[in-house]
Amino acid sequence: RGLSTGVMDDEIAAIAENLYKRYQSYFSSIKPTTYYGDICSKNIMINNGVFSGLVDLDGLTQGDHLEAVGRIKLSWYGTRYGDIYSTAIMDELGLNQGQRHIATMYALLNQISWACENGIQFNQNTKAKVNEDKKHKDRSMIKKLASELGITESVSNQ
């Protein structure tokens, strides 16, 4: 989709290809587990300051639970409160540095995917026109996440 709209260019495609090659053995090693993949404030029930339940259970999925952590990290990436929130979740889950790295990889993978939705009309709430401001912000976030993972080469370096 991103190629058809121009959102995905050679540089972003090179980052995606690098990401796939670098983590291919990890992807192949995953033993899928069932996890809740839609944890966000609107889907969590709190009673007197204590977790009491989940809603919107169509978010149950199978795969690598670190993907959900990566989406949480991505949701507020680049903000102070986002860093506090995602770090607190990773701390609570007891994630080691390697697992935190994988969560960042999933954040990048999701950011590339979400960026490619720009300019695609899915329903009446979306438009078939690329939002240039969003495209610029998405590219910036992709580059920051890639840099965080040590993926810094551009197309000319490949």
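Predicted model: local features only at pLDDT ≥ 70, side-chain atom pairs only at ≥ 80, totals over all residues.
Modeller: Let's start with ring pairs: rings of Phe, Tyr and Trp (its six-membered ring) pair if their centres lie within 6.5 Å, and planes under 30 degrees apart count as stacked, over 60 as edge-to-face and the rest as tilted.

Colleague: How many aromatic pairs does the count come to by this rule?

Modeller: The count comes to three aromatic pairs. Tyr 26 and Phe 27 make an edge-to-face pair, because their ring centres lie 6.5 Å apart and their planes stand at 65 degrees. Phe 27 also pairs with Tyr 106, and that pair is tilted, with 6.3 Å from centre to centre and 50 degrees between the planes.

Colleague: Which helices hold Phe 27 and Tyr 106?

Modeller: Helices (H or I, at least four residues) and strands (E, at least two) are DSSP runs, numbered from the N terminus. Phe 27 sits in helix 2 (residues 10-29) and Tyr 106 in helix 5 (residues 97-115), so their pair ties together parts that are 79 residues apart in sequence. Over the protein chain there are six helices and four strands, in the order α-α-β-β-β-β-α-α-α-α.

Colleague: Is Tyr 106 buried or exposed?

Modeller: Buried means under 20% relative accessible area, exposed over 50%, and partly exposed in between (1.4 Å probe, protein chains only). Tyr 106 has 7%, so Tyr 106 is buried. Phe 27, at 27%, counts as partly exposed. Of the 158 residues in the protein chain, 37% are buried.

Colleague: What does the radius of gyration of the protein chain come to?

Modeller: That radius is taken over C-alpha atoms, and the globule rule is 2.2 Å times the number of residues to the power 0.38. For 158 residues, a compact globule would come near 15 Å; the protein chain has 17 Å, which agrees. Along the principal axes, the C-alpha atoms fill a box of roughly 50 × 40 × 30 Å.

Methods: Residues numbered from 1 in each chain as written. Heavy atoms only, no water.
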